[in-house]
Amino acid sequence: MTKLIAIREVHPGYWPICAETGTGKPGRQNYQDCPEGWTETMLQSTAGRNGADRGRPGCRRQVSVECPRSRGGRNSASNINQISRSVTDGHVQCLQTETMARHPRTDPYFFDIQDKSTGKISRHWFNLNH
């Protein structure tokens, strides 16, 4: 790896190909996957330049919650805490959006290598900055 990194410093963009493994250039995924049941999203942040909103990688999911009630005893369409209310076939359902940050990978580069005898593909992670 040290020799490869030294070559890439002189020739940026160069990547040797190993025909025996069926790999080309490595893939890159900077952030860890979201847990099962969560989807990738961009979270809002006000820490950008001049206070402008700037997205940062995150995960989100919607969970069923009890619908908030108004003072009159009826369900209200409250926007408190990202709760959304929907009515389907007369049934009222409230969903709350939960979010969490995606953490950076320590090894963001990968090769997918196929076992020629089984056809199974395995992913091998590594970091070029070590």
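Predicted model: local features only at pLDDT ≥ 70, side-chain atom pairs only at ≥ 80, totals over all residues.

What is the torsion about the S-S bond of Cys 34 and Cys 59, and is the disulfide left-handed or right-handed?

Mentor: The torsion about the S-S bond of Cys 34 and Cys 59 is about -95°, so this disulfide is left-handed. Cys 34 belongs to the loop between E1 and strand E2 (39-45), while Cys 59 belongs to strand E3 (residues 54-65), so the bond ties together parts that are 25 residues apart in sequence. The S to S distance is 2.1 Å, and a disulfide is taken here as a pair of cysteine sulfur atoms within 2.5 Å. The strands are DSSP runs of E with at least two residues, helices are runs of H or I with at least four, and both are numbered from the N terminus.

Residues are numbered from 1 along each chain as its sequence is written, and side-chain values use heavy atoms, with hydrogens and water left out.

The classes rest on relative accessible area (1.4 Å probe, protein chains only): buried is under 20%, exposed is over 50%, and partly exposed lies in between.

The count comes to two disulfides. The other joins Cys 67 to Cys 94, again with an S to S distance of 2.1 Å; with 115° about the S-S bond, this link is right-handed. Cys 67 sits in the loop between E3 and strand E4 (83-88) and Cys 94 in strand E5 (residues 91-101), so the bond ties together parts that are 27 residues apart in sequence. Cys 67 is buried at 13%, as is Cys 94 at 1%. With bonded cysteines counted along the chain, the pattern of the disulfides is 1-2, 3-4.

Asp 33 meets Arg 105 in a salt bridge, at 3.6 Å from N to O; a salt bridge requires a side-chain nitrogen of Lys or Arg within 4 Å of a carboxyl oxygen of Asp or Glu. This pair links distant parts of the chain, 72 residues apart, with Arg 105 in the loop between E5 and E6 and Asp 33 in the loop between E1 and E2. The side chain of Asp 33 also makes a polar contact of 2.5 Å with the side chain of Gln 29. A polar contact is a pair of N or O atoms within 3.5 Å; within protein, one must be able to donate a hydrogen and the other to accept it, and residues adjacent in sequence count only if both atoms are side-chain atoms.

Gln 29 lies in the loop between E1 and E2 and is buried at 17% relative accessibility. Beyond its neighbours within four places in sequence, Gln 29 is in contact, meaning heavy atoms within 4.5 Å, with Arg 102, Arg 105, Pro 108, Phe 110, Arg 123 and Trp 125.

Arg 102 pairs with Glu 40, the closest N and O atoms being 3.5 Å apart. Arg 102 is buried at 12%, whereas Glu 40 is exposed at 54%.

Arg 123 forms a salt bridge with Asp 112, the closest N and O atoms being 2.7 Å apart. Asp 112 is in strand E6 and Arg 123 in strand E7, so the pair ties together parts that are 11 residues apart in sequence. Asp 112 is partly exposed at 32%, and Arg 123 is partly exposed at 37%.

These strands belong to an open, antiparallel sheet of three strands in the order E1-E6-E7. Strand E1 (27-28) and strand E7 (121-126) stand at the edges with a single partner strand each, so one side of each is left without a neighbour in the sheet. Strands pair here if DSSP finds at least two bridges between them. E1 and strand E6 (residues 109-114) are joined by two bridges, and Gly 27 stands opposite Phe 110 in E6.
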